[in-house]
Amino acid sequence: MKQHLIGALCALAFVGGSIAQTPKKPAAKPAPKPAQAAVAEEKDAATLEFEKFRAEMEDSNPAELFEMKGAEQWKAKRGPKNVSLAESCDLGQGVGKIDGAYVKMPRYFADADAVMDAERRIVWCMVEKQGFLFDDIAKRPFANETFTPDITNLVTYVAAHSRNMKIDVPLKDPKVRDAYEIGKEIAAYRAGPYDFSCNTCHGSDGKRIRMQNLPNIATPKGALSGVQGWPGYRMTGGVMLTHQWRMGDCFRQQRFPQPKYASDAVAYLLTYMIGNANGQTYKGPGIKR
Amino acid sequence: MTKKILLAAAMATPFLMALPASADGDHRAKAIAVIKKDFQPRGQAGLDRLAEDGLQAICNRTGNKPPEYIAKRMQDDQLQTVKFPADGKLMGDWKEGEKIAQSGRGFTWTDNPGLPVGGNCYNCHRIAPKETSFGTVGPSLYQFGKIRGNTPDMQKYAYSKIWNAKAFNLCSEMPRFGHAGALNEQQVKHLVALLLDPESPVNK
């Protein structure tokens, strides 16, 4: 009960003005990000603190607030065509059907003639069915401290409806398989000033950057940790972020330019990574540091 | 003449044999096409960064396992690119080196290109024992100089390795810090001191 209350208070403050109540300060402000020179004892304390916080939040994950907004937006008639996604958008399981859809993407969609991850598919529906302009969505596709785009809420809503379901990217589909193989090559592609590829950090087992463990996305276990918790509520900055965002942030740290939003490149990379996590259980939208 | 052809054949064979190691050229070609169309410049990270240089292309094409003789030749080429300080001194101030080793900033699209770039060293290496937040992508460098000494040859090696790691291991995961323009001669000297100076905590 107490945990729920703390969670609710935090969540209220997180969402801020979007809820018609006086926003309260978070009950437990997340520990500030340790300075780069910080020693391990401090980092370990921060890690413990975070794990504790995450455990406390398990029952009242701030992601649920975004999920609720997403539910409204999924069902509401919106856009220039005044159509709801619930009555028009097929995520691969039939129009309007969202149960288990997230864990079965990326998949090939014949109407778009493209392999699409969940976020890309919902964007496609918003553009094709509701009449929103792609460029408007792509202008500000990800959340920051003061803004959360509708697409983030929608992805969170759809992802939540795959909670505790088995990941099942349809790799037997030749188009999906092709995307997977291209994604694998993208992951191996070294370039840029530091000669980095995705695999520089995420291609072998048991490595760390500083204290951060690096999952090997070529393995089922490593791929799962790359999938789990996305979309996720990120403590740093207090923002809800999607898997697409996470892929972009990897390229940023790789010193690459930015992948275009909802592009083949990101969809193929996600096909490779999520496909490698096939058969394991997705726990739903999560909390990230 | 015959000898020449033979030599060429001998050289070409291992290269061709090594190519299939990089899984599959068809999907690699598709991947490159996708990368070319699906990225946009942001901040200091321009699209020019997507192009492979010769070394990257060889490493990418061979799954980071180039045939020995190619690796040797290209490593030698990389070694030629190392710029040594005019005064010939290769050891700077280890305290400055520690600061550079700590910093991981630079070269991302969110970094201010006007600010100095860090060495990123602790991201991947254990170095001075006081810093316990270190990565493990690279080997531990703790006691680097204590074990190896700090002879002129060792200084030259450490300097060259930091300037261009690919001069010693063609497809090393380690960036070519001097070659990439991330670190200048002075900064590399400080890092050499961090590794080799007997007074550096690395060697205590």
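In which sense do E8(A) and strand E1 (residues 39-40) of chain B pair, and over how many bridges? I worked from a predicted model. I found that E8(A) and E1(B) pair in the antiparallel sense, over 2 bridges. I looked up A:Gln258 and noted B:Gln40 in E1(B) as its bridge partner.

Next I took the whole contact between the two chains. I noted 36 residues of chain A in contact with 44 residues of chain B. I then listed the elements of chain A that each supply at least two residues of the side touching chain B: helices H2 (40-57), H7 (174-188), H10 (243-253) and H11 (264-276), and strands E4 (207-209) and E8 (258-259). H7(A) gives the most to this side, with 5 residues. Sorted by class, I have 18 nonpolar, 6 polar and 12 charged residues on the side of chain A that touches chain B.

Then I turned to strand E6 (residues 229-234) of chain A. I noted E6(A) as mostly covered, with 6 of its 6 residues buried. I looked up its partners. E6(A) runs parallel to strand E10 (residues 285-288) of chain A, and 4 bridges join them. Here A:Arg234 stands opposite A:Lys288. With strand E7 (residues 239-241) of chain A, E6(A) pairs in the antiparallel sense over 3 bridges. In this pairing I found A:Gly232 opposite A:Leu241.

Last, I checked the turn. E6(A) and E7(A) form a hairpin with 4 residues between them. I noted that A:Gly237 in the turn has a positive phi of about 90 degrees.

Notes. Residues numbered from 1 in each chain as written. Chains lettered and ligands numbered in written order. Predicted model: local features only at pLDDT ≥ 70, side-chain atom pairs only at ≥ 80, totals over all residues. Contact = placed C-beta atoms within 7 Å. Nonpolar A, V, L, I, M, F, W, Y, C, P; charged D, E, K, R; others polar. Pairing = 2+ DSSP bridges. Buried ≥ 20, exposed ≤ 12 C-beta atoms within 10 Å, placed from the backbone.
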